[in-house]
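Dear colleague,

Please find below the structure that I am handing over to you, together with its sequence.

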Amino acid sequence: MNCKHLGLAAILLVFSHSVFAAVPIVLGTYTGSKTSTASGCYDPALDGNSVSEAFILNITNQDTSGPTVNTISGTVQFAQTDFWYAGTEPFTGNIADDGTIDIVLPGVTYDGIYSNGVIKVDPGAGEIPEKDPYFTEMCFTSYSSFSAFGGSQALDAPVSAGTEIVAGSTRNLQSFVDNTIMPVMHRIKHIRRNLVSDLDAQGRRFDVDPIAGGYKLSGQTGRAAGGDFRNLAGWGSVSYTELENEYALTAYDGERLSFQFGLDYMPNDNMVAGVSFGYEELDVTTTFNQGTLDGQGFTIAPYMGAVIDDQWSFDALVGISTLDYDQLRSSGTISSSTDAIRYFAAANLNHAYAKNDSWLMVSRAGMMIANETTDGFVESDDTVNPERQARLVQAQIGADFTYLGGDQFEPYVNATYNYDLSSSDTNLVGPGGGLLIPFNDNDDLLLGAGFNYYASDSSSASMELRHRVFRDDFEETVFSASYRARF
């Protein structure tokens, strides 16, 4: 190979490094434990004394404009020790595309390397002690190597893959799991509504009366309420969801179409157990990165419901979904694919109250737990995306109001208040390089209205429209329809 070829190869190597190597985003809080040792003291008896202290590094700003080196800044928190008083000091520094990092404070510089949420600091000379006797004895300090763990997985949205924002959002995780759970819970609610009894306003028992093959509530006519839900039954459901994120840095909108069907069995008069199977498709326009995100997946979810007594009942389900995502960004010039797995569980305790043989109110309190893990992947421009998790633990309270006066037609309304007990954050790099945590609201209200229609003693159908309100910068509307039949 001649010199011309060697020169060309060197130019290409430098060019490819500058194009494909990316400076890691290191915004966030890192914690570790640092051990410092005194030396060179006027009093030799102090030499070798050491202290261990918490090291808390808060990187709050990162200038992402540099192609190979970014400047960073923030604060370092120090705990009180025999050497120093507790305090907080500002720092400046740099992070390079190879992960090398330096943290510069008055009197000391920490050098190290960053990788996958860990800053490994090299040993070095420490600060002059502030406290006696080490201060008056003019001691020096040095620290051994240590690691600080944490970070915030902050995302630079315009150059992030769609799954990082959409699949990594607990808002969407809540939406997707809710829309999987709702048809199953509606099925259990429909059975429970035909088994639970209560007292009406006049003190007459709104009884569960035996009929051929099932039970019905006293005062009802025209159908065997619940008679089509004994033994083996099947049901199917379809739901269409429109969702939109209006936050400027992460704006997207899309739709989700899901199909579910299930089989259940009533082993006795106050219990049902079954399994639901589902398929979903996701189509999202990711405005934040000038791209798209398409997904599809399958779900299996066993469920059960039980009547405790005249007024109280319980229902629960667990499920797992396997998902595939295909995505584009940067006007379609960068592509990638990845897989994900979603686990979820939900349970409710319900109380029923009937009035005047015409109204049934079921109040409920429950909890939902969900976790979606998206596999790490490499995009077509060689950008590496690590594994990412979205986690949500949510408490829920709500009520359904159903009018029972019709022979075949039952309208209802419902409302559910959701409160996030624990959720993973989506952190962003702001326009000036600062750390943003935009989605920090933790509650919403889901409103719904629909009807049940009893076509015959052995089949029924329902339709429902739901809308989520009071989530900042996020909207969701769901239309669903289902059909049930006894075999």
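This is a predicted model: local features need pLDDT of at least 70, side-chain atom pairs count only at pLDDT 80 or more; totals for chains, interfaces and linings use all residues.

In the strand E29, the bridge partner of Leu-445 is Val-469. This contact belongs to the antiparallel pairing of strand E28 (residues 443-456) with E29, which extends over 11 bridges. Strands here are DSSP runs of E with at least two residues, numbered from the N terminus, and two of them count as paired if DSSP finds at least two bridges between them. A hairpin through two residues joins E28 to E29.

Residues are numbered from 1 along each chain as its sequence is written, and side-chain values use heavy atoms, with hydrogens and water left out.

The barrel

E28 and E29 are part of a closed barrel of 12 strands, which runs E15-E16-E17-E18-E19-E20-E21-E24-E25-E28-E29-E30 with antiparallel pairing. From one strand to the next the twist averages 15°; axes are lines fitted to C-alpha atoms, and angles run from 0 to 180 degrees between N-to-C directions.

Strand E29 (residues 459-469) is also joined to strand E30 (residues 474-486), antiparallel to it, by 10 bridges. Within this pair, Arg-468 has Glu-476 as its bridge partner, and His-467 has Thr-477. The hairpin of E29 and E30 has four residues between the strands, and Phe-470 in that hairpin takes a positive phi near 75°.

Surface patches

Patches consist of residues with over 30% relative accessible area and no salt bridge, like charges being joined within 9 Å and nonpolar side chains (Val, Leu, Ile, Met, Phe, Trp, Tyr) within 5 Å. Accessible areas come from the Shrake-Rupley method with a 1.4 Å probe, and a salt bridge is a side-chain nitrogen of Lys or Arg within 4 Å of a carboxyl oxygen of Asp or Glu.

A patch of negative charge (Asp and Glu count as negative, placed at CG of Asp or CD of Glu) includes Glu-242, Glu-255, Glu-281, Asp-283 and Asp-324. Strand E17 (271-286) and strand E19 (312-329) are the elements that give two or more residues to this negative patch; Asp-324 is placed in E19.

A nonpolar patch of about 530 Å² is formed by Met-367, Ile-369, Ile-397, Tyr-417, Tyr-419 and Leu-421. Strand E21 (359-374) and strand E25 (409-423) each supply at least two of its residues, and E25 gives the largest share, with three. Ile-397 belongs to strand E24 (residues 388-403).

Backbone features in loops

Asp-132 and Pro-133 are joined by a cis peptide bond with omega of about 5°. Pro-133 is in the loop between strand E8 (124-125) and strand E9 (140-143). Ser-330, although not a glycine, has a positive phi of about 55°; Ser-330 lies in the loop between E19 and strand E20 (334-355).

With kind regards
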